[in-house]
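Hello,

Please have a look below first, then read on.

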Amino acid sequence: MVKILKSVPFFVLSVFLLGYYAVKAWQVFLNDCPNNDFLSWDENIRLSQVLDQSVDLRNGNYWNGILPFFESPTWPPLRSLTTFLLLYLPTDWPIPWRDSFQGLLYLILTFPALFLILIRMTNSMFWGSAFSFFVMVLCIQTREIPVYSLTSMLETQAMFFLLLATFSVYQLYLEDNQKQEKNSTKYLVFISLFGFYFTKYPYGILFFISCIVYEVIRSGRTYKDFVIYLYKNYAKGFRLFYLVFVVAMVLSLPIVRVVSDLNLNQRQFKSFMFYITVLLFIDFSSFIYRKREIVKSILPRTVQILWVYAIFPAFFWLFLNPDRVNALIDAQMIVNQYTRSFFLTLWTEPGLDPKVPGVFDFIWGFRALLLISCVSLFYFIARSGYKIQDKLKDPLLAASLILFLELLILELTTGNKQPRHVLQFIPAMGVLGFVWIHRFVQAAENRNHRILSHVVLISVMSLVGYNLFSEEGLLTGRFFETRAMCYRGKDVRIFQPAREIAEQLTPEKNYILINAFHDQSKYSTKGRLIASDFDLAMKLKTYTKGSVRNDHKYRWKDWNQFDSILLLSDSCPDSFVEEKFENRSKMLTVKSTLLKTYRESSGIACLQEYQIIK
C-alpha cells in the first residue's frame, strides 16, 4: 500500500497534464480549425476507401466490403479497421472528426503504457510514475506531436506501438536471462510488434531487421554455427547462388537510389522483386519448418519467439499481396530532403538551421537526458566484473541497441527524410533514457556517489520539466498560440471548392465519378491539390443513403447500379474528361443525358452530371 501511495503525486500530475492538454487541444481543433472537415491527402484516400466499404456492406456486397482489409497494399489495415468501426459510433460527430480523434486517443493511451512500463522496468512505483510524467512532458512539448495528435496521421499510433515493442523485447531478453518462458510475453511480442508493423509496413520490417542484427551481436557464435548448418544442409549449389542474389538485390535498393538515376519504379521490376523474394521466403520457411527440431537446438529461444510470433506472420502477410511489395519499393524510392539527418533533427534546437528542423521546444531537456543516459550506458559497459558478451545480454542494453539500430537503419536506407519520422522514437527513447539514469543511481557505491547521482537525476528531470514553464510551455498559456495546431491550415477558401461541389449532390442518389484531377494531365491545375478532398466531400455527402464511387475500368464492368455519372474537371466542357467519358460509355453501352452543369465560385473546378438512361 505504501509503495502504491508513492506513485500518487506524479500520477495525479500526469493525469492533470494530459487531461488539460487533451481537452484544450480538442477545443482548438473544433473551434479554431475551420478545415477540420477534411484530412490530409493520404488520409482522405484511406477514409474514402472505408466509406466505399460501408456502402458495399450496406448493399449486401459483403466480399467487396471486407476484401480491402485483406488487400491493404499501401496502408496496413489496423487504422482502416478502427476508422470503419467509428462510422457506427453513436455520436453526432462528423466522420472526419472521429477519424482525427484517433490521433489524440493514441497519445492519451501512451501515458498508461508509460506508467506501467516504467514501474515494471524500474521496479519502483515512485520512480516509475515520476519518469512517466517527464516522458509525457517530452512528448507534448514538441513542435509537431501536438498537431499530429489532432489528425488521422499515424505518428501517435507509431509512438504507442514502438513503445510497446521496445518494452516487449526488453521483457523477452529479461526472461531469457532468468531462464523463464511466459506466454504473456509471447503475446506481448505478437501484439506490439504486429501493431507496429500494422501501423506502417516499413517501420515493422526495420524493427525486425534491428532485432536480428542485435541477435547476431548478442550470440555471434551461435549464429556462426547456424550459418554453417545452413551452408551444409540448405544453401548448396543453386540455392546458395539464389540466396546471395536475392539478398544482394534487396540490399542494393537504397544504394541504387543514391548512386544512380535508374528508375526502379516500374511494374516489371517490382513484380520481379516480388517473385524472387517470395520464392526465397517460401523455400527458406519450409526448410526451417522441416528441420525445426534441429533449428531449435541451435538458435536462441529469443529469436525463435521473434520468428514465430512476429517475423514469419508479418512476412507471410506481406507476400499475400504482390502490391504490398510494390508499395515498399515505391516508398524506398521517395526522396524528401526536409531534414539532413534524423539524428540531427532530434538534437538540434528549432529555428537554428533551416535544413535541420528541430523537434523539442526546449532542447536542453532532451540533450541532458540523452547525454547522462549515454554516460550511464558506457559506465555499465566499462565496469569490471562481467565479460562483454554477458553485458550484451542485458535486457536494457538489448532494447537500447535495437531502438538505436532502428533509427540508424532508417537514417541510412530512406531518402524520405521528413522530421515527423523521428516522432515515433520519443516515448521509447525517454523511457530507456530515464531507466539508464536510474540504473546509474542504483550503481552508486557510497554515500557521496549516491548524492551525486541523485543530483544528476533531479537536474535532468528539472531540465525536462522546464519545458512546461518555458516561453512556449504548456502551463504558460502560449503553448497553443505558438504552434500550428490546424494541420489543414486556417484558410477556408482552399477547400471551399470541394464543399460547394459536394452540395450539388443528392444524398439518396448513386453516382459514378470520373475525377480528372487524379489524371497526370491535370497535375498542373489548382484543383489537383485538393483532388482527394473532392472525392471525400462527395462520399461523405452520400454514403449513408446513396453513394459516390470512383470509376475504374477493372473495378466497374457496368454502371447498372448507378443513377448518374459525374464528370469533375477544371473546366466545362473539357475535351480530356469528355473523351474518357465517351470511351467508357461506349465500352459499357451506357446512354445518358446532361442533367446539369455547376461551376464553383473560385473557378478551379466544374462539375457535370449526366443522368443514366435505363
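**What I found**

Lysine 179 sits in the loop between helix H8 (155–177) and helix H9 (183–197). Please keep in mind as you read that this is a predicted model. Lysine 179 is not a glycine, yet its phi is positive, at about 60°. Its relative accessibility is 77%, so lysine 179 counts as exposed.

Threonine 589 counts as exposed because its relative accessibility is 69%.

The bond from cysteine 572 to proline 573 is cis, with omega near -5°. Proline 573 belongs to the loop between E5 and helix H25 (575–588).

Now to the strands. Strand E7 (residues 606–613) is mostly covered, with six of its eight residues buried. Strand E5 (residues 564–569) runs antiparallel to E7 and is joined to it by six bridges; leucine 566, for instance, has glutamate 609 in E7 as its bridge partner. Strand E6 (residues 591–599) is also antiparallel to E7, with eight bridges between them. In that pairing, threonine 597 stands opposite glutamine 608 in E7. E6 and E7 form a hairpin with six residues between them, and in the turn glycine 603 has a positive phi of about 85°.

A polar atom of its side chain lies 2.7 Å from the backbone oxygen of leucine 86.

Leucine 86 is itself one of the buried residues of H4. Helix H4 (residues 77–86) is largely enclosed by the rest of the structure, because seven of its ten residues are buried. Among them are Pro77, Arg79 and Phe84.

Last, the surface. Phe16, Tyr20, Tyr466, Phe469 and Leu475 make a nonpolar surface patch of about 530 Å². Of these, tyrosine 20 lies in helix H1 (residues 2–32), and with 34% relative accessibility it counts as partly exposed.

Enjoy exploring, and do write back with any questions.

Best wishes

Terms used: Residues numbered from 1 in each chain as written. Predicted model: local features only at pLDDT ≥ 70, side-chain atom pairs only at ≥ 80, totals over all residues. Heavy atoms only, no water. Patch = residues over 30% accessible without salt bridge, like charges linked within 9 Å, V, L, I, M, F, W, Y side chains within 5 Å. Areas by Shrake-Rupley, 256 points an atom, 1.4 Å probe, with all protein chains shown as cover. Salt bridge = Lys/Arg side-chain N within 4 Å of Asp/Glu carboxyl O. Helix = DSSP H or I, 4+ residues; strand = E, 2+ residues; numbered from the N terminus. Buried < 20%, exposed > 50% of the residue type's maximum accessible area, 1.4 Å probe, protein only. Pairing = 2+ DSSP bridges. Polar contact = N/O pair within 3.5 Å; in protein donor to acceptor, adjacent residues only side chain to side chain.
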